Amino acid sequence: MLPQQSLVLIWPAATFLAGFAALLGVRHVFLRSLQRRGTAPNGLAAIVAESIRFPSWVWVLAGALLLAIRIAPLSEKQVDVTEKVVVAFLIVSFSLAAAALSARMLAVFGNRQRMPMVVAGMTRTLTYVVVLSIGALTLLAYLKLTITPLLTALGVTGLAVALALQDTLANFFAGVHILVEDPIQVGSFIRLSSGEEGTVTDIGWRTTRVLTGQNNTIVIPNTKITSSILTNFSLPDERVVVDVAILTGREADPDQVMALMVDEAKRQHDVLLDPPPLAFFDPGVTPTHLQFKLEVGTARRIGSGYLKSRLRVAILKRFRAEGVPLPAVAAIAASASGRGQS
């Protein structure tokens, strides 16, 4: 015969196990249903399934505990306290899951609508802050706690934290300013007055990350972005005009040279025809050679250096094939030597 105390605990334990198994089955069926519907990796069903996969274990455990508490040999006060703890834990877990779900949905929406501001890390951070704040207020309302003393304590604590974290808060509000005013976006190619340049990969709550052409990441405080002179090469659009200097001998025909330059530019697949390539006799005649300038448009600044290199090679080969005279190295060296002596 089992002791009386053990017999009393058998039913709550059995209820807990039965409830856990039943809720686990419901969880399995629900997730399988979402997986069948969520064929696309960035679809709503797939996002929901991924966001609740781990929290749903907590919900199953909490649900089984609530069922077991109902028939456990506990006093009314103990049942009330235990239920409040479990429900408070559920509110916290629901808030965390809702924050993660909201952040992921915003990221997918931003990518689909090509809204870099929504994809930025700062936006995801603000989403977490808003959703978790709502969860905290819900928890306080459930526990029937007055928030006036809490607000007073938070005010004093907030003042001390603000004084201690002035730089961090300055960068945070600078990040908010960047998102609201939108001087740069994720994907923009920028250059600061201090010389740093590259493609913006993320705008965080404290720093902005920029990927350079050497595949290195520069971490820039947000206050540097808002306080320095910044050039955004992606505005008003990502198209950019680059120029290439071309030198020939003094005997060359300028009209033929400019026609060949434009023709070779049009042969390059990444040269835009609107605006069309233009050739200029600029600066023109020099003591040793003729100098021209070719201006072409390309879709993005990234890769424009390689485009200019290919243009120089293609134009050189074309000049040699057409018999266009090239500058004499001896004459250029002599001219440079004469300028140095003078």
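This is a predicted model: local features need pLDDT of at least 70, side-chain atom pairs count only at pLDDT 80 or more; totals for chains, interfaces and linings use all residues.
View 1. Strand S3 covers residues 207-211 and runs antiparallel to S2, joined to S2 by four bridges. Three residues lie between S2 and S3 in their hairpin.

**View 2. Strand S2 and its other neighbour, S1.** On to strand S1 (residues 189-192), which is antiparallel to S2 and linked to S2 by three bridges. Here Arg191 faces Glu197 of S2. Strand S2 spans residues 197-203, and five of its seven residues are buried, so S2 is largely enclosed by the rest of the structure.

**View 3. The open sheet S6-S8-S7.** Three antiparallel strands make up this open sheet, in the order S6-S8-S7. Strands S6 (240-248) and S7 (278-285) are at the edges with a single partner strand each, so one side of each has no neighbour in the sheet. From one strand to the next, the twist averages 25 degrees. Five bridges hold the antiparallel pair of S7 and S8 (residues 290-298); look for Phe280, whose bridge partner in S8 is Lys293.

**View 4. Helices H10 and H11 on the sheet.** Helix H10 (residues 254-267) packs on the sheet and touches S6, S7 and S8, with its direction at about 25 degrees to that of S8. Helix H11 (residues 304-322) lies across S6 and S8 and runs at about 30 degrees to S6.

How values were computed:
Residues are numbered from 1 along each chain as its sequence is written. Side-chain values use heavy atoms; hydrogens and water are left out. Two strands pair if DSSP finds at least two bridges between them. Helices (H or I, at least four residues) and strands (E, at least two) are DSSP runs, numbered from the N terminus. Axes are lines fitted to C-alpha atoms, for helices over the stretch in contact, and angles run from 0 to 180 degrees between N-to-C directions. Contact means heavy atoms within 4.5 Å. Buried means under 20% relative accessible area, exposed over 50%, partly exposed in between (1.4 Å probe, protein chains only).
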